[in-house]
Amino acid sequence: MKICIVSQTFAPQEEGGAEISARLGAIELGQRHDVTVLALGKEGDALAPPGETRLQGGIRVVRLPWNNSYLPLPRKSSAGFLRRASWHLRTAMGAICPERLTRFLVTEKFDLIYAQNSAYMQPALFIAARKANIPLCLHLRDYGLLCPKTSMFRNGDNCERPCLDCSMLNRRMRDMTGSGMTVIAVSDALRHRFISNGVLSDAVWHVMHNTNATENTFDTGMIGRDRPATSTFTFGYLGAIADEKGVKDMVRAFLDLPQGQNARLIIAGRGRDGDIARLKQLSADARIEFKGFVRPEEIYRVADAMIVPSRWHEPQSRILVEAPIYGIPVIGTMRGGTTEILREHQTGWYYDPDKPDVLTQLMAKALTIGQKQWWEKRDENFPGVSGFKGTAESSGYYGRLESILLAAAVR
């Protein structure tokens with residue numbers, strides 16, 4: 001089968017969860033199918049100019065011109081407010097040429113378009129796929145088709161419906177019923193949010209949690225870790241430093257722990273300079289360490305528990321899968337798809353972030369258990385961690401994915 005994997009940002013550009021998933025999918029599907037990755041390029045960009053390249057492993061990448069001031073990135077742009085607003089307006093008006101996109105699809109004669117990460121290329125991709133008469137499977141990992149910020153989170157709260165400016169920017173998406181389309185969501189919470197907003201409600205839906213990383217992408221020496229790495233109970237955080245991620249809540253919860261506890265909090269991730277500066281000012285405590293952007297394994301190697309304090313309805317954090325593969329329980333909020341992993345697989349504790357002091361109480365509970373007992377009784381307290389089926393091999397991820405894609409290609 002000849003497959004076009006669409007990912008607006010792709011290696012060697014900076015990667016977030018969606019970009020990692022697109023790359024892993026291209027590598028895995030490319031072993032059995034003729035795969036081309038369609039991404040965005042910009043003249044003068046050192047990593048992603050328009051044109052065709054071959055990446056390591058023989059992955060063919062074709063980048064079409066992006067007619068905007070800068071390319072999309074997985075992290076928040078550091079551009080000023082007016083420039084960001086102008087960028088979103090230009091994107092909404094169409095920063096990719098639908099005619100050029102249609103010509104590319106027609107010339108290549110794909111059997112299927114598998115859109116992994118394509119919110120900023122819409123609705124041009126939908127229009128081009130229909131004109132080229134190529135079936136489309138859309139893999140959703142965020143709310144990008146409903147909200148230009150992708151999070152549906154604003155002024156410290158979640159939006160149940162797109163707000164006024166989002167509705168204006170995404171108005172061309174409102175009539176997309178998804179008829180004849182296949183859609184994969186990384187959580188049932190994500191699927192429900194789209195259907196409740198009347199977007200893609202007529203599509204054929206599937207839910208597949210992010211267990212798409214193969215065993216060889218993990219540090220095999222750390223898989224199934226069953227003992228502490230240091231003598232200090234370590235809480236770890238990996239991810240963006242942003243309001244919707246609840247990092248400030250986590251810091252405050254940690255600071256509210258009784259003094260004298262043998263505990264530390266390690267925070268790793270990127271964010272806007274101002275957000276990080278304010279957080280560091282709040283976190284003026286020797287027990288809190290900022291690592292910046294590091295390989296995830298640097299945190300998993302020492303963490304006794306990972307925290308996912310999201311305030312937004314995060315569809316499905318990769319931490320929920322990676323941490324238990326490494327043997328580490330997770331403490332996460334009852335938001336988005338988080339409880340679908342923690343409750344179903346019994347790999348951690350979950351809490352309501354709107355209830356004051358609950359995260360502090362759970363951290364204190366972990367410390368009361370004690371680091372030694374935390375690990376010795378891990379399988380009793382968190383029976384899903386040991387033997388967690390989080391890799392692509394153990395979950396049968398790509399077998400199921402290929403079945404969905406084959407069915408989508410003949411719709």
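Visitor: Which residue forms a salt bridge with Lys291, and how far apart are the closest N and O atoms?

Guide: Side chains of opposite charge can pair when their charged atoms come close. A salt bridge here is a side-chain nitrogen of Lys or Arg within 4 Å of a carboxyl oxygen of Asp or Glu. Lys291 pairs in this way with Glu298, with 3.5 Å between the closest N and O atoms. The model is predicted, so local features need pLDDT of at least 70 and side-chain atom pairs count only at pLDDT 80 or more, while totals for chains, interfaces and linings use all residues. Residues are numbered from 1 along each chain as its sequence is written, and side-chain values use heavy atoms, with hydrogens and water left out.

Visitor: Why does Glu298 count as partly exposed?

Guide: Buried means under 20% relative accessible area, exposed over 50%, and partly exposed in between (1.4 Å probe, protein chains only). Glu298 counts as partly exposed because its relative accessibility is 33%. Its partner Lys291 is partly exposed too, at 30%.

Visitor: Are Arg287 and Asp285 buried or exposed?

Guide: Both are buried. Their side chains meet in a salt bridge at 3.1 Å, N to O.

Visitor: What joins Asp379 and Arg378?

Guide: A salt bridge between their side chains, at 2.9 Å from N to O. Asp379 is partly exposed because its relative accessibility is 39%, whereas Arg378 is buried, at 6%.

Visitor: How many salt bridges does the structure hold, and which residues are linked in a network?

Guide: There are 23 salt bridges in the structure. Lys2, Glu52, Arg60 and Glu108 are linked by salt bridges into a network.
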